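Subject: Handover of a structure for your study

Dear colleague,

Please find below the structure that I am handing over to you.

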Amino acid sequence: MIERYTRPEMGALWTQDAKYQAWLDVELAACRALAARGEIPAEALAEIEAKAAFDSARIAEIELEVKHDVIAFLTSVAEFVGPSSRFIHVGLTSSDVVDTGFGLQLKRSGELLLKGMDRVCTALEQLAWKYKDTVMMGRSHGIHAEPITFGLKVAVWYAEAQRNHQRLQHAITAVSAGMLSGAVGTFANIDPDIEEAVCHELGLHPELASTQVISRDRHAEFFNTLAIIAGSIEKIAVEIRHLQRTEVLEAEEPFTAGQKGSSAMPHKRNPILSENLTGLARLLRGYASMALEDIALWHERDISHSSVERVIGPDACIVMDFMFYRASGLLEKLVVYPQHMMDNLNKMHGLIFSQRVLLALTAKGMLRENAYRVVQRNAMQVWENNADFKALLAADPDVTQYLQEKDLAELFDLAYHTRNIDRIFARVFPKGQPQ
């Protein structure tokens, strides 16, 4: 991933050195497990643990000749260790090291991603409570529908984020798998107990049954989970972009001192953070598709997945980490305009109460079809003539034979639409408002 979207802590988990270190962690754990069974002399293990290292530049140099990255890696390690290196990689195949090392990298990345997910959840929770009772216009198809509160809108995002948190935890568990089962998964040259011991030391769980590789449904679940989470963040970003439109202006990204919105138009304040999140979500959906393609391999293994994972492994984790950082910062500093929300709510002169009038007429005895026709007839005059909805209804004999002036006044009460917000919040936030 390009430096622009790479945060140092996550980027450090995906350097070439980090990959080789994960491989070395696997090899050393295997040596310790073999030594515990008496299959490696204690003095050889001590020398391996003391001297084992690698040189990435040297690995690249060797690979130019041997055309095999794991062999090049092992050759570099052997140059550091010396004669005792003959006990390294005993009974293993390349994928034992590569797949288990990849699982380690994904697990470590996933743990860092959970921290980013936690920050997003916290930002959403605080925002929801802050604006729990801030009334705004609810929209369907982009058109005014009925009143909601901005806090309710954010509570919906929070509930989705909580589900994504659970998905991410499950996906990390799924991908935290290790394998040391040999060339075709039969443990012909290494005992299954070694795999158990290595995975236990590394904090992984053994793949129940493997070929030469760990089944890629695990990885597909992980990368598709990241895509789902990215989609949820994009959902928030798209809404902020809509709310920031000049004609709406109910919420806005922070615009910092010295920031410029356009090289040509000094007045511009653009939703660039949200637009960036939309673009990055597209990347993660693409990576998810690639991960799905990797599930089907020939027989016990081919390497059609390898080139894909060299790209999407680091890129997906780095992009997701950046999205969490960007989204949480945006939410923490989001500018909200309650008065603009109220002004927009009142723009359509009471049309938003049409359903209440419809229900009231049917409750008084009018057939629903007739009530709908009467209410819509008056509503269309508001659309076309910019008239006042309640005044039109009060002057319509088809309405007044059922509803009196005091009845209409009650029907145009905003509090009716927000009376269950507390109950919704109790479901979304069962622990109540954070202190």
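Predicted model: local features only at pLDDT ≥ 70, side-chain atom pairs only at ≥ 80, totals over all residues.

Residues are numbered from 1 along each chain as its sequence is written, and side-chain values use heavy atoms, with hydrogens and water left out.

I begin with helix α11, which covers residues 306-332; helices are DSSP runs of H or I with at least four residues, numbered from the N terminus. Its 27 residues reach 39 Å from the first C-alpha to the last, close to the 39 Å expected at 1.5 Å a residue (the expected span is 1.5 Å times one less than the number of residues). At Ile-312 the helix α11 bends by about 30°, and Pro-314 follows within four residues; the bend is the angle between axes fitted to the seven residues ending there and the seven starting there. Of the 27 residues in α11, 20 are buried (buried means under 20% relative accessible area, exposed over 50%, and partly exposed in between, with a 1.4 Å probe and protein chains only).

Glu-309 belongs to α11 and is buried, at 8% relative accessible area. Beyond its neighbours within four places in sequence, Glu-309 is in contact (heavy atoms within 4.5 Å) with residues including Phe-102, Arg-216 and His-219.

Next come the salt bridges (a side-chain nitrogen of Lys or Arg within 4 Å of a carboxyl oxygen of Asp or Glu), of which there are 26. One of them joins Asp-321 and Arg-7, at 3.3 Å from N to O. Asp-321 lies in α11 and Arg-7 in the segment before α1, so this pair ties together parts 314 residues apart in sequence. Asp-321 is buried, at 2% relative accessibility, whereas Arg-7 is partly exposed, at 27%.

Glu-239 and Lys-153 form another salt bridge, with their closest N and O atoms 2.7 Å apart. This pair links helix α9, which holds Glu-239, to helix α7, which holds Lys-153, across 86 residues.

Lastly, Met-1 lies in the segment before α1 (8-11) and is partly exposed, with a relative accessible area of 31%.

Yours sincerely,

A colleague

Definitions and conventions:
Helix = DSSP H or I, 4+ residues; strand = E, 2+ residues; numbered from the N terminus.
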